Every structure is written in structure tokens, then in C-alpha cells.
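Subject: Structure for you to look at

Hello,

Please find the structure below, with the sequence. My notes on it follow.

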Amino acid sequence: MARGIFNQRHSERLRVRFEDESHTLRGLTTLMTNPREKRAAKIQDSIRQILYYDWSPIGFVDLLPKDEYDSYIAPVYRILAGTRSKDELVDFLYHTETETMGLGTCSREHLCDVANKLLTLDVSL
């Protein structure tokens, strides 16, 4: 009898857990169908591609994980959505590369090219 009660309780917990996960999955599906969220994901991916393939201060393109520079997407987006200042983008990338990452290999000319490419993006939601 005790085993039957255990199985019933275990079964109820699994059902509740499954329902919770189903609810979560439904939420993700709703999230992905929201046009604003899709647009935000597209903007993030565009910035990610430029940081990974054009900026790439570490080098070794295609050997690093594709999300290597993802922590810099938000600050870049804030500049693009705010001031859209080329100088501010260059300063941010330069500071990130030299101070945050401790690399001394960047040239401002290269960073200007990267900033120009970032400035071509339409970041409006």
C-alpha cells in the first residue's frame, strides 16, 4: 500500500512538473512570435556578427564560440540607439580591447571601420 501511495504522489509531481514545463514552452513560443522580440533578436544578431567577424580583437575567427563578444552587445546597442556617435563607439571598443581585455593590438583606424559598419545598422524596434 505504501508503494502505491508513493507512485501516486510521484505521478502527481511529474504531471505538475510537465504542466509547468508546458506552460514555459508555450511562453517561449509566444515570445518568439512577438514581432518586437523578433526584431530585437535580429538587431542583437547583427551586432554580434559585426563584433565577431569585423572587430574580433582576440582573433581566431571561427575558432572562438559565436557568443564570445555577446557581453558587449548591450553597450554597443545603447550607443547605437542613443547618441549614434562614431567617436563614442570607437572609444568604447578601444577601452574594451585595451583595458577590459588587456590587449594592446588595436588601431583606431580599424575601430573606425568597425564603428562605421555598426552605424549602418537600423536598430529601431
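Leu125 is partly exposed, because its relative accessible area is 48% (buried means under 20%, exposed over 50%, and partly exposed in between, with a 1.4 Å probe and protein chains only). This is a predicted model, so local features need pLDDT of at least 70 and side-chain atom pairs count only at pLDDT 80 or more, while totals for chains, interfaces and linings use all residues. Residues are numbered from 1 along each chain as its sequence is written, and side-chain values use heavy atoms, with hydrogens and water left out.

Leu125 sits in the segment that follows α5 (108-119). Helices here are DSSP runs of H or I with at least four residues, strands are runs of E with at least two, and both are numbered from the N terminus. What does Leu125 touch, leaving aside residues up to four places away in sequence? Its partners are Arg36, Arg39, Ala40, Ile43 and Tyr77, where contact means heavy atoms within 4.5 Å. From Leu125 to Ala40 the C-alpha distance is 6.6 Å, although 85 residues separate them in sequence.

As for the chain as a whole, it has 5 helices and 0 strands, in the order α-α-α-α-α. It has 125 residues, and 25% of them count as buried. Among contacts with a separation of 6 or more, 58% are between residues 24 or more positions apart. The chain exposes about 8600 Å², with 55% supplied by carbon and sulfur atoms; accessible areas come from the Shrake-Rupley method with a 1.4 Å probe, and for residues only the protein chains shown count as cover.

Next, a helix pair. The axes of α2 and α3 come within 10 Å and cross at roughly 110°. Therefore α2 is roughly perpendicular to α3 (65 to 115 degrees; under 35 is roughly parallel, over 145 roughly antiparallel, and the rest oblique). The axes are lines fitted to C-alpha atoms, for helices over the stretch in contact, with angles from 0 to 180 degrees between N-to-C directions. On the α2 side, the contact is made by Ile43, Gln44, Ile47, Arg48 and Leu51, and on the α3 side by Ile73, Val76, Tyr77 and Leu80.

Two single residues remain. Ile58 lies in the loop between α2 (35-55) and α3 (73-81), and is partly exposed because its relative accessibility is 32%. Glu109, in helix α5, counts as exposed because its relative accessibility is 63%.

Regards
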